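Here's a quick briefing to read alongside the model. Have the sequence and the 3D view open as you go.

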Number of protein chains: 2
Amino acid sequence: MESFIQWKKQCLNKIDLSKKGSVDEDISHIVSVLNNSDRFFTTSSCSGRIILIDGVSDNPDVQKQNCSWLFVTHKKCQIGDLVSALQKSRGDAVLKFEPFLLHIQCRQIEDGQLLYSVAVNSGFRNSGLTVGKKGKIIMAVRSTHGLEVPLSHKGQVLVNQDYIHFLVEVANQKMDENLKRIERFHGYLQSALIPADLQRSIRLETGEESVYKRRRKRGQIDGGQESREIIPIELEDCMDSGFDLFQ
Amino acid sequence: MESFIQWKKQCLNKIDLSKKGSVDEDISHIVSVLNNSDRFFTTSSCSGRIILIDGVSDNPDVQKQNCSWLFVTHKKCQIGDLVSALQKSRGDAVLKFEPFLLHIQCRQIEDGQLLYSVAVNSGFRNSGLTVGKKGKIIMAVRSTHGLEVPLSHKGQVLVNQDYIHFLVEVANQKMDENLKRIERFHGYLQSALIPADLQRSIRLETGEESVYKRRRKRGQIDGGQESREIIPIELEDCMDSGFDLFQ
């Protein structure tokens with residue numbers, strides 16, 4: 001445990017090296033909840049973004065290395081902003097919606113399992129754990145939600161204004177759904193981190209069950225009675241080839 | 001360990017319930033390698049596909065539930081097939097490239113860590129582990145590689161033929177890159193599963209290092225001397241907000 005506390009101290013004292021330099025507004029409450037717990041700390045985060053990237057033509061493999069950002073927003077996108085950004089394309093521009101992404105270092109594997117449950121049940125079904133050589137346990141919250149649309153080739157725009165208009169609507173709908181999932185994640189996270197005895201007394205006082213407990217009754221969370229005992233939904237077994245978990 | 005052997009037996013004796021009913025050709029060698037090892041078995045797989053889905057208009061959230069497949073291929077896509085499939089759209093059609101996806105149940109967490117290393121170093125950077133309540137350890141091999149392009153709205157096609165032509169090229173390039181990564185995964189997997197002493201004698205005989213070892217020397221795999229000791233690359237730490245691991 002000693003090393004977890006040291007890692008957390010070192011990490012939270014470091015300078016934020018991201019382009020933006022601060023935690024995104026829409027997830028600062030989640031980052032706070034996690035960093036205020038002695039079982040977790042966040043190592044990287046993005047609330048979700050709509051981004052127009054200009055890549056090198058005829059070389060899709062190096063798109064990420066040799067690309068420039070023509071436009072980025074962590075909020076809903078305005079068509080005018082996208083159109084004017086697209087005019088600056090000299091290579092192959094691609095519009096992407098990238099959903100909420102969060103990496104959380106966890107004290108113990110059970111803490112990672114708990115967060116995995118919270119994430120999957122909030123709709124972040126591509127989440128997963130990694131276990132490093134020095135015992136670092138990282139939970140990555142990832143969504144299946146995406147959008148990746150080529151819009152120009154060698155600087156020539158390939159689609160018309162109506163299509164771009166439609167695309168902005170689709171991207172903004174995805175941003176809305178992303179925010180709903182973030183709020184769901186926040187709610188379940190709070191319920192999951194409240195000690196079980198306190199949860200019971202809240203339920204007795206209010207005569208209500210917690211959000212987390214209600215979800216479990218609908219069979220969407222698979223777990224025991226106490227929050228620490230909540231266990232991930234298991235992946236469907238024995239479906240070889242072509243089987244899509246999320247259909 | 002008893003239960004792992006039982007799970008494996010049950011799983012491999014079950015009927016394949018996928019739409020296709022068999023393992024995709026391009027990954028059957030990988031599935032065999034894993035299922036022939038006493039440390040792993042596969043629970044679901046898809047070699048990668050180009051798919052045209054027709055979803056319900058104005059309701060992106062239920063796209064996956066109430067959608068029909070207009071077209072699917074696990075090989076490269078022909079423009080004629082895509083155009084004729086698109087003509088059948090009555091709702092919102094979306095073209096997707098979905099890369100290689102593999103779920104592998106692992107005997108121990110260390111086996112999962114080994115596979116995670118192999119996956120990330122082959123280019124499948126969204127891979128991750130889950131640990132279930134009965135001790136089931138599942139490694140999911142997932143890629144960041146994708147394409148998701150809306151093509152029609154309420155049955156009306158939104159783009160012209162030239163754009164569809166360009167899109168088919170992009171999707172086919174992604175399919176090629178996906179196959180390269182699959183072959184890389186197969187190579188690294190084989191090296192990783194060869195016992196360390198056998199690896200050493202092969203190197204002495206051939207006077208060469210293994211593919212896996214060569215990659216490690218270039219600093220792309222972080223690990224010990226024996227294959228079982230190979231440990232995942234650790235996620236970059238302390239990069240809060242907007243930081244993208246894969247840039």
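This is a predicted model: local features need pLDDT of at least 70, side-chain atom pairs count only at pLDDT 80 or more; totals for chains, interfaces and linings use all residues.

Residues are numbered from 1 along each chain as its sequence is written, chains are lettered from A and ligands numbered from 1 in the order in which they are written, and side-chain values use heavy atoms, with hydrogens and water left out.

**Chain A overall**

- Chain A has 7 helices and 10 strands (DSSP runs numbered from the N terminus: H or I of at least four residues for helices, E of at least two for strands).
- Of its 247 residues, 57% count as buried (under 20% relative accessible area, with exposed meaning over 50% and partly exposed in between, using a 1.4 Å probe and protein chains only).
- Take the contacts in chain A between residues at least 6 apart in sequence, and 69% of them join residues at least 24 apart (contact means heavy atoms within 4.5 Å).

**Helix 2 against helix 5**

- In chain A, helix 2 (residues 28-35) packs on helix 5 (residues 161-193) at an angle of about 20°, with the axes 10 Å apart (axes are lines fitted to C-alpha atoms, for helices over the stretch in contact, and angles run from 0 to 180 degrees between N-to-C directions).
- That angle is why helix 2 of chain A counts as roughly parallel to helix 5 of chain A (under 35 degrees is roughly parallel, over 145 roughly antiparallel, 65 to 115 roughly perpendicular and the rest oblique).
- Helix 2 of chain A passes helix 5 of chain A in a left-handed crossing (the near helix is turned anticlockwise from the far one by less than a right angle; clockwise would be right-handed).
- Over in chain B, helix 2 (residues 28-35) and helix 5 (residues 161-193) pack at about 20°, with their axes 10 Å apart.
- Helix 2 of chain B also makes a left-handed crossing with helix 5 of chain B.

**Thr73(A)**

- Thr73(A) sits in strand 2 (residues 68-73) of chain A, and its 14% relative accessibility is why it counts as buried.
- A polar atom of the Thr73(A) side chain lies 3.0 Å from the backbone nitrogen of Lys75(A).
- Beyond its neighbours within four places in sequence, Thr73(A) is in contact with Gly48(A), Arg49(A), Ile50(A) and Met175(A).

**Phe166(B)**

- Phe166(B) belongs to helix 5 of chain B and counts as buried because its relative accessibility is 11%.
- Not counting residues up to four places away in sequence, Phe166(B) touches Asp92(A), Pro150(A), Ser152(A), His153(A) and Leu158(A).

**Lys154 in both chains**

- Most residues other than glycine have a negative phi.
- Lys154(A) has a positive phi of about 50°, and it lies in the loop between strand 7 (152-153) and strand 8 (156-157) of chain A.
- Lys154(B) has a positive phi of about 50° too, in the loop between strand 7 (152-153) and strand 8 (156-157) of chain B.

How values were computed. A polar contact is a pair of N or O atoms within 3.5 Å; within protein, one must be able to donate a hydrogen and the other to accept it, and residues adjacent in sequence count only if both atoms are side-chain atoms.
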